[in-house]
Amino acid sequence: MKKVVIYSTYELSHQEIDKLVEKIPSLKNYQIVNQVDKSLIAGLVIKFADRIIDLSIKGRLNNISKKLYEET
Amino acid sequence: MSGLGIDIKLIIAQIINFFVFFLIFRRYLAKPFAKYLDEEERREQLKEKSEKILKEEEDRIKKEIEKHKKKLEIDYQKALEKMKTQVKDQREKLISQAQKEAEEIIIKAKEIERRERDQLEKETVRRAVELASMILTKALADFLDDKDQKNINRRIISHLKSIN
């Protein structure tokens with residue numbers, strides 16, 4: 001079975017993981033591995049083999065910085 | 001007559017003597033001398049004539065020389081004027097070219113300055129954004145506790161639209 005890694009700032013509970021699976025049904029086909037990464041500040045990053053879903057504060061901040069820089 | 005002391009024979013002899021002398025004088029002295037005087041006069045006239053011709057020739061040559069001098073002077077002045085005009089044209093051309101090159105250099109310098117200024121502005125903005133991002137990251141990391149993080153995760157998950 002393929003693996004998907006969910007990075008979070010703390011260890012996610014089963015309820016939280018189940019709610020995620022509800023929102024992202026394709027996660028059912030994967031073996032979910034949860035890793036703690038404090039650098040995310042808050043939120044989650046879901047890393048598939050071929051894509052990444054960035055729901056973290058850190059990711060948002062990076063996007064904002066990028067947009068601010070591009071506008072100049 | 002002899003009582004007066006006049007000798008007729010002597011007088012006749014002297015007269016004959018005089019005529020003979022006159023004839024000899026005329027033949028051998030007067031004529032050559034006259035001839036010599038004529039010759040001298042002729043030479044003198046020839047000399048005067050030659051001198052006159054020479055003088056005329058000298059005057060003519062002087063006039064020619066003067067004429068050539070004037071012509072040379074005129075040609076020289078013309079050439080000098082022509083050269084002055086050419087130099088002036090060349091100078092103006094060089095000045096115009098130098099001005100054009102100076103303008104091009106100024107335009108290029110302004111363009112480089114503009115580009116560098118833009119680059120500097122972008123760099124300044126990038127660093128400012130980077131710094132702001134760093135400060136905000138640090139502030140949020142310090143500010144958000146576990147409870148806040150859980151709340152944020154809950155809100156993220158609840159607001160998440162279905163993804164396939």
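This is a predicted model: local features need pLDDT of at least 70, side-chain atom pairs count only at pLDDT 80 or more; totals for chains, interfaces and linings use all residues.
**View 1. The contact between chain A and chain B.** Chain A contributes 23 residues and chain B contributes 22 residues to the contact (heavy atoms within 4.5 Å). About 2,200 Å² is buried between the two chains, and carbon and sulfur atoms give 69% of this area; buried area is the accessible area (1.4 Å probe) that two parts lose on being put together, summed over both. Of the area that chain A buries against chain B, 29% is supplied by Lys23(A), Ile41(A) and Tyr69(A), more than by any other three residues.

**View 2. Polar pairs across the interface of chain A and chain B.** The rule finds six residue pairs in polar contact, both residues at pLDDT 80 or more. A polar contact is a pair of N or O atoms within 3.5 Å; within protein, one must be able to donate a hydrogen and the other to accept it, and residues adjacent in sequence count only if both atoms are side-chain atoms.

**View 3. The side of chain A that touches chain B.** At least two residues each come from α1 (14-23), β3 (43-47), β4 (52-56) and α2 (57-71) of chain A; helices (H or I, at least four residues) and strands (E, at least two) are DSSP runs, numbered from the N terminus. With five residues, α2(A) gives the most to this side.

**Conventions.** Residues are numbered from 1 along each chain as its sequence is written, and chains are lettered from A and ligands numbered from 1 in the order in which they are written. Local features need pLDDT of at least 70, side-chain atom pairs count only at pLDDT 80 or more, and totals for chains, interfaces and linings use all residues, while side-chain values use heavy atoms, with hydrogens and water left out.
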